[in-house]
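Please read the following report alongside the sequence and the 3D structure.

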Amino acid sequence: MFSDKLNKRRSKMKSKVFILITLPLLLLAAEWQSLNGPPAGRADDMSMGQDGGVWVIYAADRMHKLYKSTNEGEYWDSLTYLEVTKNPTCVITDENNAQIVYIGKNSTTPVWWSQNGGQTWEERSGEYPNNIT
């Protein structure tokens with residue numbers, strides 16, 4: 001009985017030693033790829049959709065700016081349109097038509113949308129027919 005317990009302990013110890021040796025080696029061999037996120041280095045919200053077979057990514061960053069990438073996150077363009085794209089809190093796009101983009105802002109001007117990939121924007125607050133709140 002004592003030898004059974006000893007053998008189980010040895011087996012557990014061997015497993016732990018194997019994991020402690022193998023895990024760091026696996027982590028060293030792992031390859032990570034940077035997506036070169038928005039210039040602020042972090043996105044608070046992201047959305048993506050296709051535009052003619054090209055994936056377009058929109059990101060609202062921690063500096064409250066809106067960015068757009070048309071090359072899988074390699075490079076980012078800042079979308080600046082008057083005061084509209086300043087301080088977005090969220091962004092969403094149609095996954096089948098990345099030209100249609102919505103941004104949420106604060107409670108006084110909650111929703112704006114663009115039908116041309118962020119070149120121009122229209123308010124979509126709930127006071128108008130067929131708009132969102």
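## Basis and confidence

This is a predicted model, in which local features need pLDDT of at least 70 and side-chain atom pairs count only at pLDDT 80 or more, while totals for chains, interfaces and linings use all residues. Residues are numbered from 1 along each chain as its sequence is written, and side-chain values use heavy atoms, with hydrogens and water left out.

The protein chain has a mean pLDDT of 78, with 73% of its residues at 70 or more; pLDDT is the predictor's confidence in each residue, from 0 to 100. Where pLDDT is low, the predicted coordinates should not be read in detail.

## Fold

One helix and eight strands are assigned, as DSSP runs numbered from the N terminus (helices: H or I, at least four residues; strands: E, at least two). Their order along the sequence is α-β-β-β-β-β-β-β-β.

Of the contacts (heavy atoms within 4.5 Å) between residues at least 6 apart in sequence, 29% join residues at least 24 apart.

## Burial and surface

Of the 133 residues, 28% are buried, meaning under 20% relative accessible area with a 1.4 Å probe, protein chains only. The accessible surface is about 9,800 Å², and carbon and sulfur atoms account for 56% of that area; the areas come from the Shrake-Rupley method with a 1.4 Å probe.

## M13

M13 lies in helix α1. M13 counts as exposed because its relative accessibility is 53%, the cut-off being over 50%.
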